[in-house]
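The sequence and structure come first, and the description follows.

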Amino acid sequence: MEEADISGGEKDPSCPDVPVSVSDIMVSKNAERTLSDFDWCDEFFELERVGVEPLTLDDITFNNSYELQEDSSDKEFGFDPKSVKMFSMARAESSKRKKKTSKLISPAKCEWRKALNLIKDRRDPWGNFHLDQIKSEKGKRHRYNPLTQAWVVDECILKMDKEPFAEGAMRECFRMKKLSNFSMNNDWSRDSNNFVAKSYTDEEVPRETYFEDVKMQMDSKVWAEEYNRHNPPKKVDMFMMGVVELVERPGAPLYHIEHYIEGDYVKYNSNFGFVEDTGKCRQTPQALSHFTFERSGHELVVVDIQGVGDLYTDPQIHTAAGLEYGDGNLGTKGMALFFNSHHCNEICLSLGLTPFDLSPNEIKQLKNTVQRFNSTSETKVKVDETIVSQSPSEKPEFGRFCRGISGSSESTSDYFSQASSRQMSECDEAVMFNIDDGQSNSRGGTATSIDSGLGKDMHERKPRTRGITECERDPEHQIKIKQKLDKVASRPSSVSAENARKLSGLMPEFEESVLGSIHLDMVMYHETDRYDANVQDTDSAHFHLKAAADCGNQLALVAISSIYLGLPNDILPALNHLDAAELVPENIEDRGLDFMVSAARNGDVNSIIYLAKAFDCGLNLGNDRRQSYGQAMEWYQIAVDQGVEKRYLIMARMAEIMLMEDSGCKDPNGAGELYSEAAEAAMEEMCGKLANKYYMLSEEAWALMEE
């Protein structure tokens, strides 16, 4: 491209006989001033001059502001002497406005140039640790596929630091570089990736534990992708994690490996009820945990959410059965700890999640951000060991540009934009950009905002971009994920919805409810002052005990019916009959009998016998029930069928009722048979005298039948 010389005189040195108009001089000066307003590197101008520019919506959409843009090689600085007839100030001003308009640069191009500038000045965050001077070694990398539940093993070349750079209660972290499998010249400065290698400090940890941890993180990644499939305001992701086996070292030790990402490492919640509340006000991590609980049908919940922005690592999974996923799996007790500190936010509501039932006291404390128990961000295990996950945190230099290879600024201070974690994995070792348009500040960074992408910008959600933790997956892979998870029916978190499912026949009437077990565990925590060491909140304990009973939990049904009827119980001994009466609006004995009937139908023998005796003698029946020998006989028969101890006594009582005139069920023949069966049962229990008595009574009953 030729450019007019405006450094001196009014003539073009290359064409001394051709005069240069004042208008062209003004245009050239204006162009020079416009370009100087942007402090760009000369290399970027060279790229632009040869036509290398990113495509944006402005380039393919008609816009009046770009209407005057023309080919700069022809008309920006060119000069045709035949076209100049006369000097005109009006024409000069018009040309000035035209050239000024033509040099307007869109915000997207500005961001692109910033990214290119960072590429030029990029640095390796581990460049000062001289890992390139360490001797390389061979290893075997083990990766887990959660869909096929199979392991893939490949060989790799790596360099690992000898000293850990961070250490927790159970693990220590080492810097590591892994040479790309696609490297052709073994150039470590260009073709290597920064990794974090983690190993347990206890050498007696079974080797299987390493593989179980990877399985847990990759299973969590599947649930994170399912969360993204429901189009939340901000996407999330989990690190790709694997196990590397150093085959050249004695004993072939194992290490967890995952990509290193630079940035502020935050722990948003733990597996023990901790919720981060230091001012970041993150909603996405808490909504993710709540989502996994409902979407899995109450079978699990992903907690211990931590990482940089919305790229998470080292999660923990609580399962309803309390099995798998290591000692950090606290089962329904861990779920109870999470929901006691979880207050549904806007993202939960936007995803259609139902609020978990909490007592008025608990809701008030959550709204007032009162810390109700001495929680810790440390991960708790079943044997009271702790894992402290540490990660280095340095101030990054660019908020929306990420690259996973060494020699790059790998993470963000502003973390990730709406498209969430955007970093490079080994299956796509290329630079990936997240260039936002002029509306990029509408929601803010994911780690510093309150995830308030639910209001007016909710319809402007952008497509999700694949990042560091995701390999290129074909549509078949996505279909397999969908098919696998669609087999699991979502279930709401509220007790009313659980009861509605039972009434509609979507679940068996006496199926054990995970939701009921969670509420019962919350009763235990309130009873033992787990939530507040200074206050025993019996009102909240009663609230959750009733919720567990409404869900059909057998222990809760027995406990609440015992409290309401003035009987001893082992679940909530701090709450007596009189205190409970103040919490129940209706007649407490009637409600107690209602719960006891449910417990008896679920097979509780003590409840069955209590109801049988109550209908037999007409006592302790409340206001809604009356003495009924017929119902007493039904409950007595159920008790016998259940195989209760000393069932011969029950059969003898049933025979007596059959001989009563006013019982409404007189049957001398049936009474004789029952006495005979009672005698046989007594003989089995080595009660000979009682057996002889029952034989005599059976003869008398048959004699009445002959009369």
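## An enclosed strand

All of strand β7 (residues 192-200) is buried, 9 of 9 residues, so the strand is largely enclosed by the rest of the structure. Buried here means under 20% relative accessible area, exposed means over 50%, and partly exposed lies in between, with a 1.4 Å probe and protein chains only. Strands (E, at least two residues) and helices (H or I, at least four) are DSSP runs, numbered from the N terminus. This is a predicted model, in which local features need pLDDT of at least 70 and side-chain atom pairs count only at pLDDT 80 or more, while totals for chains, interfaces and linings use all residues. Residues are numbered from 1 along each chain as its sequence is written, and side-chain values use heavy atoms, with hydrogens and water left out.

Both faces of β7 are covered.

## Strand pairing

Two strands count as paired if DSSP finds at least two bridges between them. Strand β7 pairs with β6 (residues 171-179) in the antiparallel sense over 9 bridges, and Leu179 has Ser192 of β7 as its bridge partner. Strand β7 also pairs with β10 (residues 254-259), again antiparallel, over 4 bridges. There, the bridge partner of Lys198 is His256 in β10.

Elsewhere, 4 strands form an open sheet with mixed pairing, in the order β8-β14-β13-β11. Its edge strands, β8 (237-238) and β11 (265-267), each pair on one side only. Strands β8 and β14 (residues 311-312) run parallel and are joined by 2 bridges; Asp237 has Leu311 of β14 as its bridge partner. In general, strands of a sheet pair through backbone hydrogen bonds, either parallel or antiparallel.

## The chain as a whole

The chain has 24 helices and 19 strands. It is 707 residues long, and 50% of them count as buried. The exposed surface comes to about 34,800 Å², of which carbon and sulfur atoms supply 50%; this area comes from the Shrake-Rupley method with a 1.4 Å probe, and for residues only the protein chains shown count as cover.

Contact means heavy atoms within 4.5 Å. Among contacts in the chain with a separation of 6 or more, 65% are between residues 24 or more positions apart.

Helix α20 (residues 605-617) has 13 residues, which at 1.5 Å a residue should span 18 Å, and its end C-alpha atoms are 18 Å apart, in agreement. The expected span is 1.5 Å times one less than the number of residues. The buried residues of α20 are Ser607, Ile608, Tyr610, Leu611, Ala612, Ala614, Phe615 and Asp616. They pack against α17 (554-564), α19 (588-601), α21 (629-641) and α22 (647-659). Just after α20, Gly618 takes a positive phi of about 80°.

## Nonpolar cores

A nonpolar core is a set of buried Ala, Val, Leu, Ile, Met, Phe, Trp, Tyr and Cys residues joined through side-chain atoms within 4.5 Å. The largest has 38 residues, of which Leu611, Trp635, Tyr636, Tyr648, Ile650, Met654 and Tyr694 touch the most other members. Helices α19, α20, α21, α22, α23 (668-684) and α24 (688-706) each give two or more residues to this core, and α22 gives the most, with 8 residues. Apart from this core lies another, of 24 residues, among them Ala224, Met238, Val302 and Tyr325.

Leaving aside neighbours within four places in sequence, Trp635 is in contact with Val597, Ala600, Arg601, Ile608, Leu611, Ala612 and Phe615.

## Cysteines and loop residues

The structure holds 0 disulfides, a disulfide being a pair of cysteine sulfur atoms within 2.5 Å. For Cys348, the closest cysteine sulfur is that of Cys344, at 4.3 Å, too far for a bond. Cys348 is buried, at 0% relative accessibility, whereas Cys665 is partly exposed, at 24%.

Asn186 is in the loop between β6 and α7 (188-191) and is partly exposed, with a relative accessible area of 49%. Met686 is in the loop between α23 and α24 and is exposed, at 73%.
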